[in-house]
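Here is a short briefing to read beside your model.

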Amino acid sequence: MRAAVLHKTGQDTLDVREDVTAVGFGPGTVRVRMRAASLCHSDLSAMSGVLPQPAPFVPGHEGAGEVVEVGEGVAGLEPGDRVVLCWMAPCGRCAHCGAGRGHLCVASLRRLGAPGFRLAQDGTEASGFYGTGAFAEEVVVAAEALVKVPADLPYEVAALIGCGVTTGIGAAVNTARVEPGSSVAVIGAGGVGVAAVQGARVCGAARIAVVDPVASRRERALAFGATEALAPEELKALAKSLPGGGFDYVFEAVGRSATVRAGYDAARRGGAVVVIGAGAQDDLAQFTMGELFFNEKRLLPSLYGGATVARTIALVVDLWRAGRIDLDGMITHRVALADVNEAIAQMRSGEALRTVVTLG
């Protein structure tokens with residue numbers, strides 16, 4: 001089958017090959033025919049080494065497909081089911097899972113380097129990014145790494161729900177619990193940032209300012225519910241002009257310490273700074289103990305929507321069905337798997353909000 005492989009961390013492009021086989025099928029696993037995958041910035045972060053993922057590996061974690069075969073002991077899934085990949089798969093047995101915090105379960109991280117694919121040319125084994133590997137025509141994954149979705153949900157839309165949309169909307173609804181009538185700033189107008197904009201709008205925020213250095217990206221966010229669009233250098237002045245001297249909620253969707261700091265400064269005293277960007281382990285955000293105590297601004301990291309992933313995905317599907325969020329409009333480009341490197345270039349340039357890779 002065809003799959004896109006990163007052979008070495010730090011490489012800028014993927015090797016699209018025809019000689020790849022999905023391996024590891026057995027008890028507790030599921031074979032899935034992938035239909036659509038969406039490129040997320042986290043894939044680029046894994047390729048560059050910002051996010052840990054041993055190479056060689058098949059990138060892609062926002063994906064949707066059809067169940068082909070289920071292994072022994074798998075319950076709740078059967079051939080023909082439409083599913084979305086879950087890159088932080090809950091084990092269902094740990095303390096986090098038992099308390100309804102399955103998105104914090106780290107059991108799947110132990111499979112980061114586990115073989116998921118084999119290259120026929122030389123027998124090289126490759127893993128799938130965070131146990132998935134959506135840039136392949138077929139994957140074998142743990143059953144808990146799949147979330148069943150309605151059969152009439154388009155594959156392209158379902159792929160978006162696998163990560164960025166769930167992360168952004170969940171951060172507003174589950175983590176921040178944005179209050180009606182509040183003021184919101186979203187730093188970063190990529191897919192996760194635009195999803196946070198839509199989540200804040202669903203919650204009833206009265207003012208939603210989106211901040212991004214790329215004019216086309218911030219202007220595009222207006223179509224998804226942002227009430228104003230700012231360049232980064234304009235954020236400080238606007239925040240100071242607001243009642244209370246800042247925004248009620250600031251969402252950081254970039255994953256850099258500098259933008260977390262800018263978000264903290266733009267929040268009012270007693271406001272919330274919600275960190276949803278995936279950043280590097282050695283990028284340190286700095287705050288003084290005095291300001292943390294005196295300002296009482298809440299720092300709220302939000303991982304994968306801040307709640308059990310299946311529950312947040314179900315919410316997103318309901319909102320989409322009701323016409324309260326626009327997912328179709330977030331797809332700005334479509335490419336075949338053979339052209340996945342074109343999608344990477346589109347994301348790096350800021351041209352694409354979300355590029356969907358069609359897989360059949």
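A residue is called buried under 20% relative accessible area, exposed over 50%, and partly exposed in between, with a 1.4 Å probe and only protein chains counted. This is a predicted model, in which local features need pLDDT of at least 70 and side-chain atom pairs count only at pLDDT 80 or more, while totals for chains, interfaces and linings use all residues. Residues are numbered from 1 along each chain as its sequence is written, and side-chain values use heavy atoms, leaving out hydrogens and water.

**The whole chain**
- The chain has eleven helices and 19 strands; these are DSSP runs numbered from the N terminus, with helices (H or I) of at least four residues and strands (E) of at least two.
- Its radius of gyration is 20 Å, close to the 21 Å that the globule rule gives for 360 residues, so the chain is as compact as a globular protein of that length. That radius is taken over C-alpha atoms, and the rule is 2.2 Å times the number of residues to the power 0.38.
- Along the principal axes, the C-alpha atoms fill a box of roughly 60 × 40 × 40 Å.
- Of the 360 residues, 56% count as buried.

**A surface patch at Met289**
- Met289 sits in helix H9 (residues 289-295) and is exposed, with a relative accessible area of 66%.
- Together with Leu292 and Leu299, Met289 forms a nonpolar surface patch of about 280 Å² accessible area.
- Patch members have over 30% relative accessible area and no salt bridge; nonpolar side chains (Val, Leu, Ile, Met, Phe, Trp, Tyr) are joined within 5 Å, and like charges within 9 Å. A salt bridge is a side-chain nitrogen of Lys or Arg within 4 Å of a carboxyl oxygen of Asp or Glu.
- Areas come from the Shrake-Rupley method with a 1.4 Å probe, and for residues only the protein chains shown count as cover.

**Asp81 in its loop**
- Asp81 lies in the loop between strand E6 (62-70) and strand E7 (82-85), and counts as buried at 8% relative accessibility.
- Leaving aside residues up to four places away in sequence, Asp81 touches Gly65, Glu66, Val67, Gly76 and Lys148; contact means heavy atoms within 4.5 Å.
- A polar atom of the Asp81 side chain is 2.9 Å from the backbone nitrogen of Glu78.

**Helix H1 and its cover**
- Six of the eight residues of helix H1 (residues 41-48) are buried, among them Leu44 and Met47.
- Their cover includes strand E4 (29-38), strand E5 (57-58) and helix H11 (340-349).
- Just after H1, Gly49 has a positive phi of about 100 degrees.

How values were computed. A polar contact is a pair of N or O atoms within 3.5 Å; within protein, one must be able to donate a hydrogen and the other to accept it, and residues adjacent in sequence count only if both atoms are side-chain atoms.
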